[in-house]
Amino acid sequence: MSEEEGETQIPKPAAYDGAAGGWAALREVVRHLRQQEVLLKGSKTLKSANQPTGFDCPGCAWPDPEHTSSFEYCENGAKAVAWEETDKRAGADLFAQISVSELAAQEGDYWLEAHGRLTHPMQYDPAQDCYVPISWDDAFSIIARHLRGLDDPNQAEFYTSGRTSNEAAFLYQLFVREYGTNNFPDCSNMCHEPTSIGLPKSIGVGKGTVTLADFDEADLIMSIGHNPATNHPRMLGTLRDVAKRGIPIVVLNPLRERGLERYANPQSPFEMATLSATDIASHYFQVRPGGDAAALKGIMKALFAMDAVEGQVLDHIFIAEHTNGFDALKADIDATTWPDIEQISGLTRQQLEEIAKVYASADSAIVCYGMGITQHHSGTDNVRQLANLLLLRGNIGRPGAGICPLRGHSNVQGDRTVGISERPPKVLLDNIQRVCGFTPPRNDGHTVTEALEAMEDGRSKVFVAIGGNVARAASDLAQAERAFRNCDLTVFVLTKPNRGILVHGRESLVLPTIGRTEQDIQGGKAQSITVEDSMSMVHVSTGMNEPPSEHCRSETWIVGEMAKKTLPASVIDWDRLVADNSEIRDLIAEIVPGFQNFNERVAQPGGFYLGNPARNRVWNTPSGRAEFHVFDGLLEDPACPKDGQLTLTTCRSHDQYNTTIYGMDDRYRGITGRRDVVFLNVEDMAQRGLSTGQRIDIETVCEDSGDYALRNMEAVGFNLPRGTAMAYFPEANALIPRSHYDRQSFTPAYKSIPIIVKATS
Ligand SMILES: Nc1nc2c(c(=O)[nH]1)N[C@H]1C(S)=C(S)[C@@H](COP(=O)(O)OP(=O)(O)OC[C@H]3O[C@@H](n4cnc5c(=O)[nH]c(N)nc54)[C@H](O)[C@@H]3O)O[C@H]1N2
Ligand SMILES: Nc1nc2c(c(=O)[nH]1)N[C@H]1C(S)=C(S)[C@@H](COP(=O)(O)OP(=O)(O)OC[C@H]3O[C@@H](n4cnc5c(=O)[nH]c(N)nc54)[C@H](O)[C@@H]3O)O[C@H]1N2
Ligand SMILES: [Mo]
């Protein structure tokens, strides 16, 4: 730093001094229930969250201790429930009064969705530029007319967001495959697709290998690129128990996240009464965004060095019996130099050697990870580096050890399991053909990235979504908007209106559905659904609240009616299936591997464990062994910043659920009342003469043509590594060019964008 710069005042970073959780979390639960005018109903509803006879929390996918404890929800689960249970309505009158253009002119993602629950099926009327009520029957006729009119079923895209139940998702994929396409873009494509693509190549299965019980036996937890205090708050209870046992928790995260440092359990009378808290992370290393693969290579390099001196550091017996590719991995790591590792990871050799020591002294280790690993150009390679690290010490397939991807939406894993897949496994298609008697398509379908490209250039003409908000969740907001507007028909099955419905095709339908907490009566009987959590536990969920309007329908009913109208000669008896979810489960049992005796097994308290071959050291890879993976593209990552550039990562605030904004605070990062902020390293700010509170512009450095910029943002000094920055998604998606995605999984590189910042003129 020059002398001049040295004299510049370095701003104090934004921070939150309390522990995560505690009384502040309980106060927030009450505030959010009150805001949605459901304090009483909401409190009663929350008592059934994650209970044996209640509903599965629509928040995150972290498992519950056998769904049998008496009190199993968290602050952010409560926000999700309050948001769904709201007494507010986005009724037909709202849409009659305000045109779509006027709605679109409102700023931000909070305002529209805050109107509450959708109450009527609606159709876009271009003459008035308004959504107007339509009957369900007419809505299905419009969908059928468009789908039947296409030259090729592959001209339609069928999106799923991960709240959809196993039953609805299974019916949806059955309908779409009988119709004739595998175009199943889904939220997972923007999320854990690198896990679904990378892990099978390494260990033969695309899911986590641990269960909750493993956390009781682990000697080390590594927590890489996820923020549990906000996104999986019930996980903090597990991490607290681990920390209390004196087990090290090593964190790799560019941001100092409060919830990974200290936590007071709102469900611990002692911690609440004494205002005490538990330290979570034993070691906290602030890796650069996108620097994880380099850091992991550094840790492995240190392990190889230790093994050369001490022996017994690597599990040579396991490596010999169970793996392939060890020599190639070692050669690659030997050839990777410490200066490169230090520069790209932002961590020192000494720090990485320290992690290696902690790792080598743990008998069994679990690696937990989230979007900080997956949402990069090298997302799939990153995931496979994690597998490498675990395999080197035989940390897969024994108690207290394994890999633990933190899944996103509460049933995103289940949706995939029951067939929402653009590259479906052969066994699924064979079983559909054998059991149902129609020939499903065998070609690959589209991910989100491919679907939007096809929509933009006119190859795809119809977009149907069960849930979600792709137009805001995708990268490159301008391109996503062009893609939607270029469709002949867009169909949105939603609980609440979101900005996505304003970016619609020439014809457009908004169809209101019921949520997880609400009662679904079919065939005169209350129905239950099932979901699968992050740890492959499948269990029942039963809603009990009144739906918001008599016109709201369940997703299974909507899919069944869509199928009947679109495929009059269908070989499936849709009415029989829709009338009774246990009939759907019987069909799932025949078609989806692992679901035999589904109805019987899921009726047991806590449900059942789907199993995982890698957990038993059965490797479903072509070689029948676990595969070490060489990632030699470390230095070519297009996100590696050049002089004067910063690397931007994009994350969730504490008050949001993806594109749903619950409020404007980000408590654990010390932000109140706003979202138009960019977190910057305080020395980077000083060097650029910027101060906290100043307005700045951000521009992406890229070859794509287009205006990838956010202007007039507020600079906030924060504790993150030099050369890096953070802003909130979905606003920051305007900065992410469409070409920035992982070439293996098609997942956008939301977490390593090269940018420049300057004061707003
Ligand atoms: N309340 C709430 N719960 C949620 C959601 C929500 O929006 N709100 N979303 C759900 C969904 S769909 C998902 S996928 C999950 C997401 O859960 P997370 O994976 O926790 O999601 P992010 O907010 O994206 O946070 C990523 C974390 O990674 C860190 N990080 C950023 N870049 C990097 C990097 O390059 N390397 C490393 N090591 N770390 C990095 C960030 O500092 C942050 O702490 O949560 C689910 N649960
Ligand atoms: N920059 C950046 N972008 C990201 C990410 C990031 O970290 N950074 N994360 C990515 C990730 S991990 C994900 S998963 C995607 C999220 O992408 P999506 O899953 O598409 O988006 P959500 O915001 O979760 O969808 C919210 C909408 O779902 C509807 N909804 C809620 N509950 C239900 C229900 O029970 N049924 C139905 N039918 N509809 C319902 C509501 O109307 C609500 O408006 O975003 C991705 N985008
Ligand atoms: Mo996600």
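**Ligand 2**

I began with Tyr 750, and in this predicted model one of its polar side-chain atoms lies 3.4 Å from a nitrogen atom of ligand 2. I then looked up how far the protein covers the ligand, and noted that ligand 2 taken alone exposes 930 Å², of which the protein buries 96%. When I asked which elements give two or more residues to the shell around ligand 2, I found α25 (470-473) and β16 (489-494).

I went on to other contacts of ligand 2: a nitrogen atom of the ligand is 2.8 Å from a polar backbone atom of Ala 473, and a nitrogen atom is 3.2 Å from an N or O atom in the side chain of Arg 163. Of the 33 residues around ligand 2, I noted that Ala 473 is among those that come nearest, together with Tyr 159, Glu 555, Thr 659 and Asn 733. By residue class, I recorded 13 nonpolar, 14 polar and 6 charged residues in this shell. Because domain 1 (89-191 + 411-614) and domain 3 (646-759) both give residues to the shell, I wrote down that ligand 2 lies between them.

**Aromatic pairs**

I next looked up the aromatic pairs, whose count comes to 25. One of them is the edge-to-face pair of Phe 158 and Tyr 179, with 6.0 Å centre to centre and 70° between the planes. Phe 158 lies in strand β6 (residues 156-160) and Tyr 179 in helix α9 (residues 166-179), so the pair ties together parts that are 21 residues apart in sequence. I checked both Phe 158 and Tyr 179 and found them buried. I also noted that ring pairs link these two residues with Tyr 172, Phe 175 and Phe 184 into a cluster.

How values were computed. Residues numbered from 1 in each chain as written. Chains lettered and ligands numbered in written order. Predicted model: local features only at pLDDT ≥ 70, side-chain atom pairs only at ≥ 80, totals over all residues. Heavy atoms only, no water. Near = heavy atom within 4 Å. Polar contact = N/O pair within 3.5 Å; in protein donor to acceptor, adjacent residues only side chain to side chain. Areas by Shrake-Rupley, 256 points an atom, 1.4 Å probe, with all protein chains shown as cover. Helix = DSSP H or I, 4+ residues; strand = E, 2+ residues; numbered from the N terminus. Nonpolar A, V, L, I, M, F, W, Y, C, P; charged D, E, K, R; others polar. Domains from an automatic or database assignment. Phe/Tyr/Trp six-rings, centres within 6.5 Å; stacked < 30°, edge-to-face > 60°. Buried < 20%, exposed > 50% of the residue type's maximum accessible area, 1.4 Å probe, protein only.
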